[in-house]
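Biologist: I'm new to this one. Can you put it up and walk me through a few spots?

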Amino acid sequence: MIKVAINGYGTIGKRVADAVAAQMDMKIVGVSKTKPSFEAYVAKKRGYPLYIADMAKKGAFTKVGLEVAGSVDDMLKIADVVVDATPGGVGKQNKSLYEKIGLKAIFQGGEDHEVAGFSFCSDCNYAGAIGRQFVRVVSCNTTGLCRIINLVDSAFGVERVRSVMVRRGSDPGEVKKGPIDAVVLDPVSIPSHHGPDVITVLPHIQITTMAMIVPTTFMHMHAVQMDCKREASREELVRRIEEHSRIGLVRSGTGIKSTAELKEYALDLGRPRGDLWESCVFADSIAVLGKEVYFFQAIHQEADVVVENVDAIRAMSGTVKDPATSIRMTNEAMHLSAL
Ligand code: NAD
């Protein structure tokens, strides 16, 4: 059993905790919070021992019925791997805690590549993470881009990628974020950071990205165009997407043309929290013109990186050396069957 601690039990941390708890070869030894919240009550209900960053705040937890198992330092001592899911930038500060005790740590996409020195996507570079002390699971957008670029690259060779990302303004529970009535260029200058981030995983890919933020909380939408090295085939591309366990095809028969309908579909399927761990490529949008490939894909920002974190834990622990085996184990435990 790989003993896993979750430092930062928020949007990503709570999902990774449930995903880890569902695996046969892993267990949660603790999760951490900075202050009492509804999520801390959920952790208690799930039976995850609750640790806190600042022991001076213990009284605030116990007063509202939340038992504290100890400090974050105590939690780290009993773990084999920590998943740091604290807000962007905090992971970098936490790194010294992990270094001090030689603990394996996974950072998230809000940290720079340099914090871990290795940026991870299960499909693309699982083998490179085997036995590493530090790994960074790339952001939701980068994960979505890496999965499909890697697939098209293996089918037809990718010469160049251009992608426009329409990003959600906040996660559904974030009441203080926006915009509520604007389209915000993110940033005004081109490229956005997403292209360079893809290169941390797939260094041979030429990619330019542009991004904007819109008033929605559900998902991101990517409009992607790729120039291939060889003549591409729509039939072959659709077949490969159908075979891919973490890229779902949104078929025309479903009538889905929006992120809102996709989210509703996920809820109807009974997915926990309505999570879509797979990238969602709109089948009718796939167009192939000679060597050029076009499509739209929707990315559930809160979900796609969750399964990647589970694979990263296995790779770093060195218990499963074959990426396909880890991906299958993770998917099966979470009942992930493509859309
Ligand atoms: P979040 O704010 O929802 O959760 C972070 C949690 O960490 C909170 O519970 C907070 O109380 C806790 N925390 C803060 N400081 C802490 C500390 N010093 N020690 C322990 N816990 C602490 O953030 P999130 O959205 O889950 O993002 C976490 C990371 O995942 C970031 O790097 C982010 O960029 C990345 N990420 C987020 C999303 C997304 O859509 N939310 C998608 C992909 C990657």
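Biologist: Is Lys-92 buried or exposed?

Modeller: Lys-92 is exposed, with a relative accessible area of 57%. Keep in mind that this is a predicted model.

Biologist: Why does 57% count as exposed?

Modeller: Exposed means over 50% relative accessible area, so Lys-92 at 57% qualifies.

Biologist: Which helix is Lys-92 in?

Modeller: Helix α5, which covers residues 90-100.

Biologist: What does Lys-92 touch, leaving aside its neighbours within four places in sequence?

Modeller: Glu-111 and Val-115. The C-alpha atoms of Lys-92 and Val-115 are 6.0 Å apart, though 23 residues separate the two along the chain.

Biologist: New topic. How do α8 and α9 pack?

Modeller: Their axes are 9 Å apart, at an angle of about 60 degrees. Helix α8 runs over residues 140-156 and helix α9 over 194-201.

Biologist: What do you call that arrangement of α8 and α9?

Modeller: Oblique. Roughly perpendicular starts at 65 degrees and roughly parallel needs under 35, so an angle of about 60 degrees makes α8 and α9 oblique to each other.

Biologist: Is the crossing of α8 and α9 left-handed or right-handed?

Modeller: The α8 and α9 crossing is right-handed.

Biologist: Which residues make the contact?

Modeller: From α8, Asn-141, Thr-142, Leu-145, Cys-146 and Ile-149. From α9, His-194, Asp-197, Val-198 and Val-201.

Biologist: And by class, what is in the contact of α8 with α9?

Modeller: Five nonpolar residues, three polar and one charged.

Biologist: Why isn't 3.7 Å enough for a disulfide?

Modeller: A disulfide needs the two sulfur atoms within 2.5 Å. At 3.7 Å, the sulfur of Cys-121 does not pair with that of Cys-124.

Biologist: What about the sulfur of Cys-228?

Modeller: That sulfur is too far for a bond, because the closest cysteine sulfur, in Cys-124, is 16 Å away.

Biologist: Where are Pro-179 and Pro-191 found?

Modeller: Both in loops. Pro-179 is between β9 (158-168) and β10 (184-185). Pro-191 is between β10 and α9.

Biologist: Which residues other than glycine have a positive phi?

Modeller: Arg-273 is one, with phi near 55 degrees. His-335 is another, also with phi near 55 degrees. Most residues other than glycine have a negative phi.

Biologist: Where is Arg-273 found, and how exposed is that residue?

Modeller: Arg-273 is in the loop between α11 (259-268) and β14 (279-282). It is partly exposed, with a relative accessible area of 29%.

Biologist: And where does His-335 lie?

Modeller: In the segment after α13, the helix at 323-333. His-335 is exposed, at 67% relative accessibility.

Definitions and conventions
Residues numbered from 1 in each chain as written. Predicted model: local features only at pLDDT ≥ 70, side-chain atom pairs only at ≥ 80, totals over all residues. Heavy atoms only, no water. Helix = DSSP H or I, 4+ residues; strand = E, 2+ residues; numbered from the N terminus. Buried < 20%, exposed > 50% of the residue type's maximum accessible area, 1.4 Å probe, protein only. Contact = heavy atoms within 4.5 Å. Axes fitted to C-alpha atoms, helices over the stretch in contact; angles between N-to-C directions. Parallel < 35°, antiparallel > 145°, perpendicular 65-115°, else oblique. Left-handed = near helix turned anticlockwise from the far one by under 90°. Nonpolar A, V, L, I, M, F, W, Y, C, P; charged D, E, K, R; others polar.
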